Amino acid sequence: MKFIVYGENRVMTGDAIAEAVLAYAAALGQNGTTDIVEVPTADEDGVAVTAELLLGPASQVMVEVAPEDALQPEDDALVAELVRRTAAVGGARFVDAASGHSQDEEDRRGTPAPGPNDPFPTRSRPAEG
């Protein structure tokens with residue numbers, strides 16, 4: 001489980017959903033556009049609800065670990081749609097992170113930094129010097 005932290009509010013949702021929302025938010029910010037995303041979550045009574053998040057260049061969004069919950073919402077169709085939207089706004093560098101298939105920094109050691117034509121670079125990282 002992860003929290004999507006949005007301003008002073010936190011939305012608890014599944015890991016893949018949270019990572020896809022974060023990657024999409026980054027791509028929208030980079031592209032200077034906005035979108036509304038419906039995120040499955042639960043209310044204080046544990047009833048399934050949907051939270052709408054406005055994502056864009058001014059959004060301050062982060063993801064943090066939440067307590068595990070047996071009702072962890074997972075929505076493969078939503079994750080796939082967010083990956084598609086991320087790619088559509090020119091966020092190719094975030095697509096791999098959104099799909100949940102990003103590589104750990106340890107896995108990338110010894111490999112060159114992603115170049116501008118790298119089709120699936122993961123999250124931004126400092127230039128190697």
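Lys 2 stands opposite Val 65 in β5, in a predicted model where local features need pLDDT of at least 70, side-chain atom pairs count only at pLDDT 80 or more, and totals for chains, interfaces and linings use all residues. Residues are numbered from 1 along each chain as its sequence is written, and side-chain values use heavy atoms, with hydrogens and water left out.

Five bridges join β1 (residues 2-6) to β5, and the two strands run antiparallel. Strands are DSSP runs of E with at least two residues, numbered from the N terminus, and two of them pair if DSSP finds at least two bridges between them. An open sheet of three strands has the order β2-β1-β5, with antiparallel pairing. Its edge strands, β2 (9-13) and β5 (61-65), each pair on one side only.

The charged end of Arg 10 sits over the ring of Phe 3, 3.8 Å from the ring centre (criterion: NZ of Lys or CZ of Arg within 6 Å of the ring centre and within 35 degrees of the ring normal).

The largest pocket is lined by 16 residues, and Met 12, Thr 41, Ala 42, Asp 43 and Pro 73 lie nearest its centre. On a 1 Å grid over the protein atoms alone, a pocket is an open set of points where a 1.4 Å probe fits, with protein on both sides within 12 Å along at least five of seven lines; lining residues have an atom within 4 Å of a point. At least two residues of this lining come from each of β2, β3 (35-42) and β4 (48-55).

Technical notes
Helix = DSSP H or I, 4+ residues; strand = E, 2+ residues; numbered from the N terminus.
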